Amino acid sequence: MAIKTFLESIRDTMHDEMARDERVFVLGEDVGVTGGVFRATEGLYEKFGADRAIDTPLAELSIIGIAIGAAAVGMRPIAEIQFADFIHPAFDQIVNEAAKMRYRSNAGWECPLVIRTPYGGGVHGGLYHSQSIEAFFCHSPGLYVVAPSTPRDAKGLLLSAIRNPDPVLFLEHKKLYRSIKGEVPDGEYTIPLGRADVKRAGSDITAIAYGAMLHETLNAAEQLAREGIEVEVVDLRTLFPLDRETILTSVRKTSKVCIIHEDTKTMGLGAEVAAIISEEAFGDLDAPIRRVTGPDLPGIPFNETGEHAFLPNAEKIATALRELARY
Amino acid sequence: MATQVAEKIALEITHRALGLSDDQVLEMYWAMLLARRLDERMWILHRPHLVAFHISGIGHEAAQVGAAFALKRGYDYAHPYYRDMATVLTLGMTPRDLMLALFGRQGEPSSNGRQMPSHFGSRALNIVSGSSPVATQIPQAAGIAFAIKYKKTDQVVLTCFGEGSTAEGDFHEGLNWAGIHTLPVIFLCQNNQYAISVPAAKQMAVPNVADRARAYGIPGVIVDGNDVLDVYGAMRDAVARARRGQGATLIEAKTYRPVPHSSDDDDRTYRSRAEVEEWKKRDPILRMQEYLTRVNLLNAQKIVESDARAKQVVDDADEFARNAPYPPAEAALGNVWGQVKS
Ligand SMILES: Cc1ncc(C[n+]2csc(CCOP(=O)(O)OP(=O)(O)O)c2C)c(N)n1
Ligand SMILES: [Mg+2]
């Protein structure tokens with residue numbers, strides 16, 4: 001068992017899988033010689049060469065288009081989009097092409113492709129280096145959307161993603177890259193896609209989060225525990241398709257729910273989670289479902305106060321949880 | 001002396017000069033003819049709304065058969081577009097397959113009737129499944145070529161699209177990759193001069209699509225898209241280049257679509273009947289018949305016979321598809337996700 005940062009875990013996992021399976025290669029802007037702007041692909045070029053760590057043209061549509069073609073004929077591409085904010089030129093290739101390849105050919109063709117991309121705010125990235133993009137892509141059956149929050153999960157989920165026969169959008173919260181360290185088991189292990197994880201058990205309230213907000217939520221739960229309120233923290237891990245069972249099991253136990261995400265509120269992931277709970281577990285609820293999310297603004301401001309105002313954090317989450325406890 | 005004369009005559013026979021046997025060139029004719037008769041039937045079936053939609057390859061048969069004929073069937077890859085009926089017929093799809101797609105019936109091989117007709121795909125024939133957004137197949141074809149290069153086989157990829165689609169960013173990005181990485185892919189633009197109603201001059205400021213090849217460091221070749229042998233010759237050279245590891249070629253086949261864009265289009269709103277009639281005189285099937293007659297491979301009687309044979313095949317496909325069941329409703333639900341294989 002080694003202690004690794006979130007970033008090291010991702011990098012080492014790609015390295016190991018490229019060593020194991022020569023169909024796996026990485027492509028993206030600056031992923032080769034320099035090892036990626038966040039250094040997520042550092043060392044892959046040196047180890048596996050220019051054929052397998054490809055510095056692509058600055059053209060996101062084709063990064064995905066090329067990867068789809070290669071995946072269709074048996075390769076296992078890992079495409080990096082340098083920042084999630086710049087994935088939109090490739091939206092058509094992801095949603096109309098990769099996600100629909102299996103369905104549209106009645107399983108004649110498939111698209112085993114991983115798209116890794118750093119997303120999220122809190123690093124002074126302003127409007128265009130802070131976006132949460134998951135909601136756009138969680139509306140596209142045929143595409144998995146994964147967002148790990150710990151180094152251990154990042155490894156197990158990334159391995160599953162690479163070996164998965166369908167396309168996976170693998171969202172890496174950039175604030176976690178170097179700020180989160182944790183134990184990563186040695187050797188190979190996979191974590192199935194589509195399974196959430198209870199990161200902290202509790203009996204009073206269910207808090208549902210993912211990515212960077214998972215850590216803020218755990219901090220908030222810690223504060224509440226000192227006040228005698230036991231919060232169960234569910235880490236969604238896979239955002240589409242959602243693990244309804246884990247969500248509902250926890251809600252039936254606690255009867256109170258708070259959903260936390262950094263993405264803007266309206267039509268965000270929390271809306272769907274809330275809808276699932278009201279359809280399936282309405283009778284178990286003792287309080288209205290709460291959401292703590294980013295506000296409905298076009299972007300996250302660059303300046304310190306604006307960014308702080310936008311992002312949910314442990315304080316804001318704790319306040320919501322306390323109110324929910326009192327309800 | 002006599003043998004020299006015979007050789008000289010042989011070289012004047014275009015198909016032989018291209019290395020095609022008499023049988024092969026007759027096979028080309030048959031593929032073009034079958035595609036045409038099948039396509040004509042599809043229009044007829046649409047008229048009383050027996051089928052919901054048809055998009056036609058009429059007029060494009062020479063470009064398509066000439067190109068597909070230069071591939072190794074089932075070995076090379078094709079990533080075609082919706083007009084490529086003659087391409088996929090040449091590559092091994094059957095008239096029954098295509099009729100099943102037209103009627104949206106059970107067992108249709110491209111998608112089991114999930115997609116609109118003419119969204120071809122077959123794993124067995126290495127025909128990659130296509131979608132409706134134009135030009136998306138272009139970077140994907142470059143991606144297939146990228147994988148081929150990585151695996152070090154001598155396969156090639158053919159991808160097809162219209163001239164209007166070359167205005168899309170996908171075209172630029174795909175060709176850019178092919179140039180940078182010297183990829184074994186042939187980009188065949190079937191330039192029929194219109195994108196629905198919009199003429200080519202409103203898609204680009206250069207006279208030829210092929211002119212754009214220079215910007216990507218690959219050869220751009222213009223061929224007469226209504227002359228199957230002209231297309232075949234250029235395609236054969238491009239395939240040979242690609243197999244030798246010398247990279248991609250952009251081929252522009254100049255042609256015309258003498259029918260509306262699709263069964264939903266009325267082309268009288270954007271072009272004159274005189275223009276259409278003028279182009280009908282250069283019909284690729286007629287041109288092929290003239291050529292084959294000139295080289296003594298076809299005559300009036302054989303033309304009638306092959307037409308009768310084509311009608312039989314089309315009748316069979318039509319009847320087969322018409323009587324095929326629809327997929328059961330549950331068939332819409334499956335094959336969203338695959339299973340992990342270890
Ligand atoms: C991205 C996208 N935009 C618009 C359309 C609608 N559309 C379908 S075919 C077509 C014209 C294509 O013209 P061209 O590329 O010249 O091919 P042609 O049909 O003439 O063979 C248009 C606009 C589409 N299918 N995809
Ligand atoms: Mg056109």
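This is a predicted model: local features need pLDDT of at least 70, side-chain atom pairs count only at pLDDT 80 or more; totals for chains, interfaces and linings use all residues.
Of the 327 residues of chain A, 57% count as buried.

**Overall form of chain A**

The C-alpha trace extends over about 60 × 45 × 40 Å along its principal axes. Where contacting residues of chain A are at least 6 apart in sequence, 80% of these contacts join residues at least 24 apart. The secondary structure of this chain consists of 13 helices and 14 strands.

**The seven-stranded sheet**

Seven strands of chain A form an open sheet with mixed pairing, in the order β3-β2-β4-β5-β7-β6-β12. At its edges are β3 (53-55) and β12 (238-240) of chain A, each of which pairs on one side only. From one strand to the next, the twist averages 20 degrees.

Within the sheet, β5 and β7 of chain A pair in the parallel sense over six bridges; Val114(A) has Val168(A) as its bridge partner in β7(A). Helix α7 of chain A lies across β2, β4, β5, β6 and β7 of the chain, and runs at about 155 degrees to β7(A).

| Element of chain A | Residues |
|---|---|
| β5 | 114-119 |
| β7 | 168-173 |
| α7 | 151-163 |

Ligand 1 has 15 residues around it, of which Pro133(B), Gly162(B), Gly164(B), Ser165(B) and Ala195(B) come nearest. The elements giving two or more residues to this shell are β2 (157-162) and β4 (194-195) of chain B. By class, the shell comprises six nonpolar, seven polar and two charged residues.

How values were computed:
Residues are numbered from 1 along each chain as its sequence is written. Chains are lettered from A and ligands numbered from 1 in the order in which they are written. A residue is near a molecule or strand if its C-beta atom, placed from the backbone, lies within 6 Å of it. Helices (H or I, at least four residues) and strands (E, at least two) are DSSP runs, numbered from the N terminus. Ala, Val, Leu, Ile, Met, Phe, Trp, Tyr, Cys and Pro count as nonpolar, Asp, Glu, Lys and Arg as charged, and the others, Gly among them, as polar. Two strands pair if DSSP finds at least two bridges between them. Axes are lines fitted to C-alpha atoms, for helices over the stretch in contact, and angles run from 0 to 180 degrees between N-to-C directions. Two residues are in contact if their C-beta atoms, placed from the backbone, lie within 7 Å. A residue is buried if 20 or more other C-beta atoms lie within 10 Å of its own, exposed if 12 or fewer, and partly exposed in between; C-beta atoms are placed from the backbone.
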